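Have the structure open as you read.

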Amino acid sequence: MQIVEKIRNTKETQISLKFNPKGRGIYKISTGFSFLNHMLEQFAYHGLFDVELSALSLDNDMHHITEDIAIVLGGAFLESLGDKKGIVRYSNVILPMDDALVLCAVDISGRGFCKTDFNITDEKTSDFETVLLPHFYNSFATNALLTLHIKQLEGQDTHHIIECSFKALAKALKSAIQIDPDRNCVPSTKAIL
């Protein structure tokens, strides 16, 4: 596993990222949107990922900045794993946060797929458009080339549900990239992920 630095500049966003998958949960995150900062801080802290992220929205469109951050973060996560030799590969978490309960299951499969199931009726929480939550996870999974299932099991408070989902993803990914002491190869009968 390795530290990865990525830059993505478009007509809509400017993003730079430094990502360490085996860090201590240290983060410096600036997206221009306070709620998105907060969620990405939770992701870094609970996954023990070191994340330095600077993201600038050139068109002040939350859709574009959210999508592009997920693209860059997913790509960095994939690249940081190298050949994936010896990783556990699979993990799942059921994580509580007050009224919220979220299931997250991951397979670092080499195939991008995402299925989310949220029951959120609020259009916004703080400065975050809630319709972007599934889009963030889909963009992340597609670019990280992993299978991701996130399902809200309980919850009424929109902030808690979303925060719970970011924490659950962090914990599941942290477990999935651990090295399996019983296997010193790529965890697939195909010998490639």
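F19 is buried, with a relative accessible area of 0%. F77 is buried too, also at 0%. Keep in mind that this model is predicted.

What do these two rings have to do with each other? In total, the structure holds 11 aromatic pairs. F19 and F77 make one of them: their planes sit at 65°, so the pair counts as edge-to-face. F19 belongs to strand β2 (residues 13–20) and F77 to helix α2 (residues 62–80), so this pair ties together parts that are 58 residues apart in sequence. Both also belong to a cluster in which ring pairs link F19, F43, F49, F77 and F140.

Another pair worth a look is F35 with F128, whose planes are at 35°, so it's a tilted one. F35 comes from helix α1 (residues 34–47) and F128 from strand β9 (residues 128–129), so here the parts tied together are 93 residues apart in sequence. Again, both partners are buried.

Side by side:

| Pair | Ring centres apart | Plane angle | Geometry |
|---|---|---|---|
| F19 and F77 | 6.2 Å | 65° | edge-to-face |
| F35 and F128 | 5.5 Å | 35° | tilted |

Now for helix α4 (residues 158–176). How much of α4 is covered? Most of it: 15 of its 19 residues are buried. At the start of α4, D157 puts a side-chain oxygen within 3.0 Å of the backbone nitrogen of H159.

Conventions. Residues are numbered from 1 along each chain as its sequence is written. This is a predicted model: local features need pLDDT of at least 70, side-chain atom pairs count only at pLDDT 80 or more; totals for chains, interfaces and linings use all residues. Side-chain values use heavy atoms; hydrogens and water are left out. Rings of Phe, Tyr and Trp (its six-membered ring) pair if their centres lie within 6.5 Å; planes under 30 degrees apart count as stacked, over 60 as edge-to-face and the rest as tilted. Helices (H or I, at least four residues) and strands (E, at least two) are DSSP runs, numbered from the N terminus. Buried means under 20% relative accessible area, exposed over 50%, partly exposed in between (1.4 Å probe, protein chains only). A polar contact is a pair of N or O atoms within 3.5 Å; within protein, one must be able to donate a hydrogen and the other to accept it, and residues adjacent in sequence count only if both atoms are side-chain atoms.
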